[in-house]
Amino acid sequence: QLQLLESGGGLVQPGGSLRLSCAASGFSRDYTAIGWFRQAPGKEREGVSCISIRDGSTYYGDSVKGRFTIATDNAKNAVYLQMNNLKPEDTAVYYCAASTPRTVQVMCSYTSFQDYWGQGTQVTVSS
């Protein structure tokens with residue numbers, strides 16, 4: 001059973017940066033992509049960024065393009081989300097998930113189709 005553990009969340013001022021980490025453990029090779037999703041209070045969970053661990057292809061949601069960067073370290077079974085120029089509207093619980101999507105865009109677009117989820121990490125952007 002694959003387990004995902006997020007870390008790196010916290011409180012940051014607008015314009016600041018955070019780096020989230022998602023560590024995968026346990027045995028499972030039936031996933032081909034890992035993504036970051038977020039859920040703000042009163043809103044639906046949405047895809048933020050997704051990456052293929054096979055070919056490195058990436059997808060970013062429109063609201064984070066140019067500010068967030070997703071990357072993998074396959075040797076460490078980890079995925080990172082570098083978040084720069086954070087805005088108050090980025091405040092949410094951030095989750096990582098794993099699945100076998102047809103494309104990373106599909107993965108990020110269909111939140112409910114993920115096979116594995118982490119427990120989430122809170123990101124708060126406030127002055």
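Strands here are DSSP runs (E, at least two residues), numbered from the N terminus; two strands pair if DSSP finds at least two bridges between them. I note that the model is predicted, with local features needing pLDDT of at least 70, side-chain atom pairs counted only at pLDDT 80 or more, and totals for chains, interfaces and linings using all residues. Residues are numbered from 1 along each chain as its sequence is written, and side-chain values use heavy atoms, without hydrogens and water.

I then placed the pair in its sheet, an open one of four strands in the order 1-3-8-7 with antiparallel pairing. Strand 1 (3–7) and strand 7 (68–73) are its edges, each pairing on one side only.

Next I examined S21, which belongs to strand 3 (residues 18–25). S7 stands opposite S21. S21 has a relative accessible area of 19% and is therefore buried (under 20%, with a 1.4 Å probe and protein chains only). Leaving aside residues up to four places away in sequence, S21 touches L5, E6, S7, W36, V79 and Y80 (heavy atoms within 4.5 Å).

Finally I inspected the lining of the largest pocket by class: two nonpolar, three polar and seven charged residues. Asp, Glu, Lys and Arg count as charged, Ala, Val, Leu, Ile, Met, Phe, Trp, Tyr, Cys and Pro as nonpolar, and the others, Gly among them, as polar. A pocket is an open set of points on a 1 Å grid over the protein atoms alone where a 1.4 Å probe fits, with protein on both sides within 12 Å along at least five of seven lines; lining residues have an atom within 4 Å of a point. Among the lining residues I recorded R38, K43, E44 and D90.

Terms used
Buried means under 20% relative accessible area, exposed over 50%, partly exposed in between (1.4 Å probe, protein chains only).
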